[in-house]
Amino acid sequence: MEFIDLKRQYQAIKPSVQKRLSDILERASFVMGKEISELEDSLAHYTGAGHCLTCSSGTDALLLALMAKGVGPGDAVFTTTFTFIATAEVISLLGATPIFVDIDKQTYNIDVWKLRSAILSVKNGGVVAAGVPAGLTAKAIIPVDLFGLCAEYDALEAMAKEFKMFLLEDAAQSFGATLGARMACSFGTMAATSFFPAKPLGCYGDGGAVFCDDKDTMDVLKSLRIHGQGADKYENVRIGINGRMDTMQAAVVLAKMEIFEQEMERRQVVAARYSHGLRGKVVVPHVPAGTRSAWAQYSIQCDNREGMMSALKNKGIPTAIYYPKPLHLQKAFAQLGYERGQFPVAEEIASRIFSLPMHPYLEEKDQDMIIDAICKAS
Ligand SMILES: Cc1ncc(COP(=O)(O)O)c(C=O)c1O
């Protein structure tokens, strides 16, 4: 059994992928081929964002967005401690300071009340952690739509406006999710997503995209993506990166877009079956009314995680832990001086959570076997 079955998915899109790739090979149009703008139009249309710019990865999408807003030394960027390293890594790479915030115990997304008090603390010169310098400018917030569930954007957008901060949605896991009438990648000032193969919408290597409504910001992003270029290829008006997405990766995503909505519907069915079979035995994911998760992961909590995971492994069922260690406890951020116990919700969840096989091609008989194994082991 696969944790995410990309082989089955390939069978469903094979003719389209092969045709699209062969077209590119015939044209030898490997860099910035026409598929790039075709994909950008398609993604902007699907998400409802004003503009989309594809790039080399989800990490570079976050990096480009922060660079476009001039984030750098002296800036505080607030984010959740319970996420993949990339979310906070880009903040440090630019010389700014990540300010970690605890999570909500039901949604696993950033706790908006704790965020507010962290912002007020920085603004009022309070000590956030021993290694976080005083006098930082509260510049940006990066909420993460963890496991595919949108963060609380009504509150977050209001907070960003109140404190005149820039809001960057990390939608690496949530492409296809909805919150009310809006789709993931349309929240905040900008959004960033990832097309890493395991993501809800993945390519066959690395890829990502930035979304925003503002045309001037999009022009800056375009320049940053290709070495800060100006009107001409060899005119450079700012320091940028080599951040382009390959034409072949864009072609793969275009092929997957043809079946994406069907896949998203299928993910809802798989998740609903899991929750129906597991509720009461383990803690199942909470999906607030009016939201659709993209189900990048279906994650459960239990008291005896290691025992449960090994019982599943013995039956050939793969599982994974996202994430075993919150970012404030990672060595990479040790100089910031965050302490164990500082973010108790994230620390507790990190010790209890793990994820089950989740993809649109999961068969009922396999899912029944997983549910049965968990019920027996709980
Ligand atoms: C929340 C989050 N942010 C950012 C990233 C980075 O994306 P990529 O691997 O495409 O660079 C990931 C990828 O796992 C992620 O899960």
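Biologist: What classes of residue make up the shell around the ligand?

Modeller: The shell has eight polar, five nonpolar and two charged residues. Keep in mind that this is a predicted model.

Biologist: Which of the 15 residues around the ligand come nearest?

Modeller: S57, G58, T59, A172 and S194. As for elements, α3 (58-68) and α4 (86-93) each give two or more residues to the shell.

Biologist: How do α3 and α7 pack?

Modeller: Helix α7 covers residues 215-225. The axes of α3 and α7 come within 9 Å and cross at roughly 120°.

Biologist: What is the hand of the crossing of α3 and α7?

Modeller: α3 passes α7 in a right-handed crossing. On the α3 side the contact uses L64, M67 and A68. On the α7 side it uses T217, V220, L221, L224 and R225.

Biologist: How do the residues of the contact of α3 with α7 divide by class?

Modeller: Six are nonpolar, one is polar and one is charged. Arg counts as charged, so R225 is the charged one.

Biologist: What about α9 and α11: at what angle do they pack?

Modeller: Helix α9 (residues 305-314) meets helix α11 (residues 364-377) at about 140°, with the axes 10 Å apart.

Biologist: What makes α9 oblique to α11, rather than roughly antiparallel?

Modeller: Roughly antiparallel needs an angle over 145 degrees. The angle is about 140°. Therefore α9 is oblique to α11. Their crossing is right-handed.

Biologist: Which residues in α9 and α11 meet?

Modeller: G307, M308, A311 and L312 in α9 meet A373, I374 and A377 in α11. The residues of this contact divide into six nonpolar, one polar and no charged.

Biologist: Now the strands. How do you know that β2 and β4 pair?

Modeller: Pairing needs at least two bridges. Strand β2 (residues 75-80) and strand β4 (residues 137-142) have five bridges, in the parallel sense.

Biologist: What makes β4 and β5 a pair?

Modeller: β4 and strand β5 (residues 166-170) have two bridges, in the parallel sense. The requirement is at least two, so they pair. A140 has F166 in β5 as its bridge partner.

Note on methods. Residues numbered from 1 in each chain as written. Predicted model: local features only at pLDDT ≥ 70, side-chain atom pairs only at ≥ 80, totals over all residues. Near = placed C-beta within 6 Å. Helix = DSSP H or I, 4+ residues; strand = E, 2+ residues; numbered from the N terminus. Axes fitted to C-alpha atoms, helices over the stretch in contact; angles between N-to-C directions. Parallel < 35°, antiparallel > 145°, perpendicular 65-115°, else oblique. Left-handed = near helix turned anticlockwise from the far one by under 90°. Contact = placed C-beta atoms within 7 Å.
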